[in-house]
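Have the structure open while you read.

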Amino acid sequence: MTENDLVELYCIIDDFYQCFIKTEPGKKNLAEYYGRRGPKRSMTVPEVMTLNIVRILDRTGDLKTFHKTACLHYRSYFPNLTNYENFMKASNKAVGFIAAFIQVQLYLNQENCNENTFFLDSTPVTVCENRYISSHKVAKAIASRGKSTKGWFYGFKLQGVCTKDGTLVKICFRPGSEHDSKAFDDSTKGLKGTFVTDAGYLLKESELKEMFESGRRPCTATRKNMNRLMSEEQFQLLNGRNIIENVWSVLKLNYNLIYHRARSITGMFRHFFYSISAFLFHKAHEIRKEFSSKLCVLEKLEF
């Protein structure tokens, strides 16, 4: 990562931080980060967030390995860099800030989107390999078994909506055992237009009526045992469903979305959030230039 990119990333995060701590959720997260007792943390929230995103952009597998790299190459930029144990605790305490940062990134993507055609799909996010399901304890209370086109898995489903150029505008985590059709409403809430999906999102007649009334028009593929007429335009849209699948491939291969080394639920979702945020930051070049000037949207969002 170049020096200019590092400075740009830190400035964007710091601008977000200064605006977010003025809100009620920001004040609560700040109080939780510093705590009521003991010495004050030496690293600030923007420093912790910046280093965690740099870890994903540098494609470093785990936090401990990256901390060694940071001590060698980034200490001149972050003189308050602590030891690994304190850095890991600070990263976990700042998870509320990165979750809010993702909300802002997605909202700005929606504001800059002039399209009314979206692609909706889900991807399995595993928490362990299948052979370790019976002994897995970290996410036992919230993870569940599910089945995708590649077979059975244990973990969650990440639902996402993207535009034709692969820009994510909406995401949400759902249980691995939940059927995709049940997530359609939550995954598309706040958006209007045509949503191109696979056959897993087939809705009942009453649900379709409700979606059309709210301005959401599903364009769903058919199952093998179904016959349905479609226009040439619908056929072309359905053939472009691989756009969202490419987004999932990039997230998993280039941004290390899948993570099996977490020792706590907070640490697990910390990794997920930073992986998604790094992808959004790297993807939206136009929004990065105007990010700081658009932070007034914080007042419109519910954290």
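**Notes on pockets, cavities and a helix crossing**

1. Keep in mind that this is a predicted model. The largest pocket takes lining residues from β1 (117–126), β2 (144–148), β3 (151–162) and α10 (242–253), with at least two from each. Its volume comes out at about 730 Å³, and 25 residues line it.

2. Which element gives the largest share of the lining of the second largest pocket? That's α6, with 6 residues. Helix α6 spans 95–111, and β4 (168–175) and α11 (265–283) also supply at least two residues each.

3. Helix α6 turns up again in a helix pair. Its axis and that of α3 (residues 45–57) come within 10 Å and cross at roughly 70°. Angles of 65 to 115 degrees count as roughly perpendicular, so α3 and α6 are roughly perpendicular to each other. The crossing is right-handed.

4. As for who touches whom, α3 brings Val-45, Met-49 and Ile-53 to the contact, while α6 brings Phe-97, Ile-98 and Phe-101. By class, the contact of α3 with α6 has 6 nonpolar residues, with no polar and no charged ones.

5. How many cavities of 30 Å³ or more does a search of the whole structure find? There are 2. The second largest cavity has a volume of about 30 Å³.

6. The second largest cavity is lined by Leu-120, Asp-121, Val-196, Thr-197, Asp-198, Arg-241, Ile-244 and Glu-245. Two or more of these residues come from each of β1, β5 (193–197) and α10. Charged residues number 4 in this lining, alongside 3 nonpolar and 1 polar. Note that β1 and α10 also each supply at least two residues to the lining of the largest pocket.

Conventions:
Residues are numbered from 1 along each chain as its sequence is written. This is a predicted model: local features need pLDDT of at least 70, side-chain atom pairs count only at pLDDT 80 or more; totals for chains, interfaces and linings use all residues. Side-chain values use heavy atoms; hydrogens and water are left out. On a 1 Å grid over the protein atoms alone, a cavity is a set of points where a 1.4 Å probe fits but cannot get out, and a pocket is an open set with protein on both sides within 12 Å along at least five of seven lines; lining residues have an atom within 4 Å of a point. Grid points are joined across faces, edges and corners, and a volume is the space filled by probe spheres set on the points. Helices (H or I, at least four residues) and strands (E, at least two) are DSSP runs, numbered from the N terminus. Axes are lines fitted to C-alpha atoms, for helices over the stretch in contact, and angles run from 0 to 180 degrees between N-to-C directions. Angles under 35 degrees count as roughly parallel, over 145 as roughly antiparallel, 65 to 115 as roughly perpendicular and the rest as oblique. A crossing is left-handed if the near helix is turned anticlockwise from the far one by less than a right angle, and right-handed if clockwise. Contact means heavy atoms within 4.5 Å. Ala, Val, Leu, Ile, Met, Phe, Trp, Tyr, Cys and Pro count as nonpolar, Asp, Glu, Lys and Arg as charged, and the others, Gly among them, as polar.
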